[in-house]
Amino acid sequence: MERFFLALAFSILFLFSCSDNDISLETKSNNISYGTAQLGNLANATVEIYKIESDGSLSLLWKETTTSGERLEDIGKFNLHLNELEENSFYLYKVFGGYDWD
């Protein structure tokens, strides 16, 4: 079970390191990093951010809804909470629902 969550965590890290992924990264001047939920951009999708505990269990930290808007670049944004995450810990970003715009 622990190997599964480690593999999952490394997959998430891989997604953030790729340029063509399901969650893109954008940093604003106020030091908040925003992700974009994508299939096309997903408006009004639910984002749940979990900490993966050492025993493999998940602890829900934040639950948000992605943005909607008039322009594609305004749709699907959510706070990644990067400045609130602990170093040497693993996290799971779960995105579901919403409306696909592309």
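H81 is located in the loop between strand 6 (77-79) and strand 7. With a relative accessibility of 6%, H81 counts as buried (under 20% relative accessible area; exposed is over 50% and partly exposed in between, with a 1.4 Å probe and protein chains only). Residues up to four places away in sequence aside, H81 touches S33, I49, W62 and E64, where contact means heavy atoms within 4.5 Å.

This is a predicted model, in which residues are numbered from 1 along each chain as its sequence is written, and local features need pLDDT of at least 70. Side-chain atom pairs count only at pLDDT 80 or more, whereas totals for chains, interfaces and linings use all residues; side-chain values use heavy atoms, with hydrogens and water left out.

The protein has one helix and eight strands, taken as DSSP runs numbered from the N terminus (helices H or I, at least four residues; strands E, at least two). From the N terminus, the order of elements is α-β-β-β-β-β-β-β-β. Of its 102 residues, 34% count as buried. Among contacts with a separation of 6 or more, 60% are between residues 24 or more positions apart.

An open sheet of three strands has the order 5-4-7 with antiparallel pairing, two strands being paired if DSSP finds at least two bridges between them. Strand 5 (58-65) and strand 7 (90-96) are the edge strands, each pairing on one side only. Strand 4 (residues 46-52) is joined to strand 5 by seven bridges, with S59 in strand 5 as the bridge partner of K51. Seven bridges also pair strand 4 with strand 7 in the antiparallel sense, and V47 stands opposite V95. The hairpin of strand 4 and strand 5 has five residues between the strands, and there G56 takes a positive phi near 90°.

Strand 4 is largely enclosed by the rest of the structure, because seven of its seven residues are buried. T46, E48, Y50 and I52 point one way from this strand, while V47, I49 and K51 point the other way.
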